[in-house]
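Work through the exercises below with the sequence and the model open. Each task is followed by a solution in steps.

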Amino acid sequence: GGLLGLNAAVSQAENSTTVIADIGSNTNLQIGTSLAVTADNTTNQTAEVTGVVGGAAAIGASVVTATSNSNTFAYLADHVTVNNSNTDRPDVSVTAHSSDINIANAKAGVGGVIAGSAAVAETKTGGTTQAYIGANSELAADEVEVDAEHNAQFNATIDSTSASLLGASGAVVKHTVNSTVQ
């Protein structure tokens, strides 16, 4: 309040995770009916910010960021052998699944004779999801499934309000997804 009102509000939600499911190098396995190597990684980040200011001259800004960097790996390392002593061969699956939800909500409000407000909301999703069978591995199996999947969900809401005789307001939303799936 008063003659000059200034406000800045910042909020960040960040998550960096790594999930690994593996069978180590030079392993010899005798399997009954199935072998499943599964890595699941789920994250959920929500960041919210509200900034309000008033004065004869008022300026306010709200900036919010929700970020995830998820790394998910499922694999049989090099030189893994899978056998079955029975006549039936086992099923082998190697799966890596990851899911990231990033939500950013920003509100900026100002009031005065001369006023300006800005609101910025940004989400960022990154990381690697990988499933594989290493070199020189031998699998005596009926079925072999290797699957890697990543799901990125993002959303933002933004409100930049200026109540004044002479004023302006601005709003920016940005979503970035930079994920590798192999």
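**Exercise 1.** Is leucine 4 buried or exposed?

Solution. The model is predicted: local features need pLDDT of at least 70, side-chain atom pairs count only at pLDDT 80 or more, and totals for chains, interfaces and linings use all residues. Residues are numbered from 1 along each chain as its sequence is written, and side-chain values use heavy atoms, with hydrogens and water left out.

- Step 1. Apply the classes: buried is under 20% relative accessible area, exposed is over 50%, and partly exposed lies in between (1.4 Å probe, protein chains only).
- Step 2. Leucine 4 has a relative accessible area of 55%, so this residue is exposed.
- Step 3. Leucine 4 is found in strand β1 (residues 4–23). Strands are DSSP runs of E with at least two residues, numbered from the N terminus.

**Exercise 2.** Which strands pair with β6 in the parallel sense, and over how many bridges?

Solution. Two strands pair if DSSP finds at least two bridges between them.

- Step 1. Strand β3 (residues 34–54) runs parallel to β6 (residues 91–133), joined by 21 bridges. Here threonine 46 stands opposite isoleucine 103.
- Step 2. Strand β4 (residues 57–76) pairs with β6 in the parallel sense over 20 bridges. Tyrosine 75 faces tyrosine 132 of β6.
- Step 3. Strand β8 (residues 143–181) is joined to β6 by 38 bridges, again parallel. Threonine 128 has threonine 180 in β8 as its bridge partner.

**Exercise 3.** Describe the aromatic pair formed by tyrosine 75 and tyrosine 132.

Solution. Rings of Phe, Tyr and Trp (its six-membered ring) pair if their centres lie within 6.5 Å; planes under 30 degrees apart count as stacked, over 60 as edge-to-face and the rest as tilted.

- Step 1. The count by this rule is 1 aromatic pair.
- Step 2. Tyrosine 75 and tyrosine 132 lie 4.9 Å apart, centre to centre, with 0° between the planes, and the pair is stacked.
- Step 3. Tyrosine 75 belongs to strand β4 and tyrosine 132 to strand β6, so the pair ties together parts that are 57 residues apart in sequence.
- Step 4. Tyrosine 75 is buried at 18% relative accessible area, whereas tyrosine 132, at 31%, is partly exposed.

How values were computed:
Helices (H or I, at least four residues) and strands (E, at least two) are DSSP runs, numbered from the N terminus.
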